[in-house]
Amino acid sequence: MKTVHFVRHGETEQNKDGIWQGHTNTQLSKIGKAQAKLLSDRLNLKNQTVFTSDLARAKETAYFLSDSPTVRKNLREINVGDFIGKSVKETYSNNLDIFDALQDDTYVFPNGESVQEFKLRVQQEVDHIFDSIDEDSECVVVTHGFFIGTAIGLSLIHISEPTRLRRISYAVFC
């Protein structure tokens, strides 16, 4: 059986301040680096494959876990387009249609990615990772909150079917 462990990157200043990051290359905060170090100490990975998003906050976290993580652009956070740099709370308050549109996947972030496109990217990337690891092995995937939440949602949708998404575990910082 193949097992994938998802890890959200350590804290950034933008996480702490509730700011949309999307595809920006924000760095880990001092707390985020301490979180990544603590995770590394706890996991004590040996000869385990580590995949990571190409965004700096995820790569920084991954390098605490492995000297040579496999960097994958498709593990990026959802592209939130014009929301980058804006307050998450204010964005939701000023765009009440987001909640309904997120429920049926019709939402498209202004000048960004649609939820439908993102879900397809998540499914394809999870499939790629499962295809890349050996039977009876485990790997760690360092990525982003929206990506992990979407992978969880996809695994719940397919819970009654034999699917590779059923062997996923999650560790989330922040």
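## Ground rules

Helices (H or I, at least four residues) and strands (E, at least two) are DSSP runs, numbered from the N terminus. What you have here is a predicted model, where local features need pLDDT of at least 70 and side-chain atom pairs count only at pLDDT 80 or more, while totals for chains, interfaces and linings use all residues. Residues are numbered from 1 along each chain as its sequence is written, and side-chain values use heavy atoms, with hydrogens and water left out.

## The overall layout

The chain has 7 helices and 5 strands. Going along the sequence, they come in the pattern β-α-α-β-α-β-α-α-α-β-α-β.

There are 174 residues, and 45% of them count as buried (buried means under 20% relative accessible area, exposed over 50%, partly exposed in between, with a 1.4 Å probe and protein chains only). The accessible surface is about 9,200 Å², with 48% of it belonging to carbon and sulfur atoms; the areas come from the Shrake-Rupley method with a 1.4 Å probe, and for residues only the protein chains shown count as cover. As for contacts (heavy atoms within 4.5 Å), take those between residues at least 6 apart in sequence: 73% of them join residues at least 24 apart.

Confidence first: pLDDT is the predictor's confidence in each residue, from 0 to 100. Its mean over the chain is 87, and 89% of the residues reach 70 or more.

Where pLDDT is low, the predicted coordinates should not be read in detail.

## Two nonpolar cores

A nonpolar core here is a set of buried Ala, Val, Leu, Ile, Met, Phe, Trp, Tyr and Cys residues joined through side-chain atoms within 4.5 Å. The largest one has 25 residues, and Val 4, Phe 6 and Val 141 touch the most other members. Strand S1 (3–8), helix H5 (97–103), helix H6 (115–132), strand S4 (138–143) and helix H7 (145–157) each put in at least two residues. The largest share, 6 residues, comes from H6. Another core lies apart from this one; it has 8 residues, among them Val 50, Ala 62, Val 140 and Val 142.

Back to Val 141: leaving aside neighbours within four places in sequence, Val 141 is in contact with Val 4, His 5, Phe 6, Val 7, Phe 51, Leu 75 and Ile 129.

## Helix H2, one side in and one side out

H2 has 14 residues and reaches 20 Å from its first C-alpha to its last, close to the 20 Å expected at 1.5 Å a residue (the expected span is 1.5 Å times one less than the number of residues). Gly 32, Gln 35, Ala 36, Leu 39 and Ser 40 of H2 are buried. They sit on the same side of H2, because they cover an arc of only 135 degrees around the axis, taking the arc as that of the directions from the helix axis to the C-beta atoms. An α-helix has 3.6 residues a turn, so residues three or four places apart point the same way.

The cover over those buried residues includes S1 and helix H3 (56–65). Lys 30 and Arg 42, on the other side of H2, are exposed. Just after the helix, Asn 44 takes a positive phi of about 45 degrees.

Leu 28 is in the loop between helix H1 (13–17) and helix H2 (30–43), and is buried at a relative accessible area of 6%. Its C-alpha is 6.2 Å from that of Gly 10, although the two are 18 residues apart along the chain. Beyond four places in sequence, the contacts of Leu 28 are Gly 10, Glu 11, Thr 12, Lys 33, Ala 36, Arg 57, Glu 60 and Thr 61.

Thr 12 belongs to the loop between S1 and H1 and is buried, at 0% relative accessibility. Not counting residues up to four places away, Thr 12 touches Gln 21, Thr 26, Gln 27, Leu 28, Ser 29 and Arg 57.

## Positive phi in two loops

Asn 111 isn't a glycine, yet has a positive phi of about 60 degrees. Asn 111 is in the loop between H5 and H6 and is exposed, at 66% relative accessibility. Asp 136, also not a glycine, has a positive phi near 60 degrees. Asp 136 sits in the loop between H6 and S4 and is exposed, with a relative accessible area of 64%.
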